[in-house]
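Look at the structure first, then read the points below.

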Amino acid sequence: MASKIVSIVMIPTRGLVLKDFALEPDEKKFLKGASLMIQSIALNLSSLVTKDPFRDSFAFTLNEALSGEDKLDLNAKKNIAQNSLIQFTPLGISLLQRIIVEKALIDLQRDPDIIIAIEKRR
């Protein structure tokens, strides 16, 4: 999932960075602007796209893990799953978002068009 989101984020970010910073002669400002832009776009897109799939996958995994537990009744299993989802879903989503942003920053630095633009500023 993270790779797909990063691929999607790279398309508009590359275009925006190359357009918005076309006349910026300072390599550091160019890189700083590009980094901030990709972080913002990646974070916003990932917050829209990751929430439901993560929650569904986490719920399925919890239910699978609890289904083999014979010492708990059905209500206890449901309560454990529900409380775990409430407590840990935001943490899981924030970790996914962090992974996506970090991968996007790495991909930005490896992007051929961005590398060429940086080289022109040196």
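Predicted model: local features only at pLDDT ≥ 70, side-chain atom pairs only at ≥ 80, totals over all residues.

**H3 against H4**
- Helix H3 covers residues 51–67, and its axis lies 9 Å from that of H4.
- The two helices pack at an angle of about 140°.
- H3 and H4 therefore count as oblique to each other.
- On the H3 side, the contact residues include Phe 54, Phe 58, Leu 62 and Leu 66.
- On the H4 side, they include Ile 80, Leu 85, Phe 88 and Leu 96.
- By class, the H3 contact with H4 has eleven nonpolar, five polar and three charged residues.

**The largest nonpolar core**
- This core has 20 residues.
- Val 17, Phe 30, Ile 38, Ala 42, Ile 100, Leu 108 and Ile 114 have the most contacts inside it.
- Helices H1 (2–20), H2 (27–49), H4 (74–110) and H5 (112–121) each give two or more residues to this core.
- H1 gives the most, with six residues.
- Leaving out residues up to four places away in sequence, Ile 38 touches Val 9, Met 10, Thr 13, Ala 104, Leu 105 and Leu 108.

**Ser 46**
- Ser 46 sits in helix H2.
- Is Ser 46 buried or exposed? Its relative accessibility is 0%, so Ser 46 counts as buried.
- Setting aside neighbours within four places in sequence, Ser 46 contacts Ile 5, Gln 97 and Ile 100.

Definitions and conventions: Residues numbered from 1 in each chain as written. Heavy atoms only, no water. Core = buried A, V, L, I, M, F, W, Y, C linked by side-chain atoms within 4.5 Å. Buried < 20%, exposed > 50% of the residue type's maximum accessible area, 1.4 Å probe, protein only. Helix = DSSP H or I, 4+ residues; strand = E, 2+ residues; numbered from the N terminus. Contact = heavy atoms within 4.5 Å. Axes fitted to C-alpha atoms, helices over the stretch in contact; angles between N-to-C directions. Parallel < 35°, antiparallel > 145°, perpendicular 65-115°, else oblique. Nonpolar A, V, L, I, M, F, W, Y, C, P; charged D, E, K, R; others polar.
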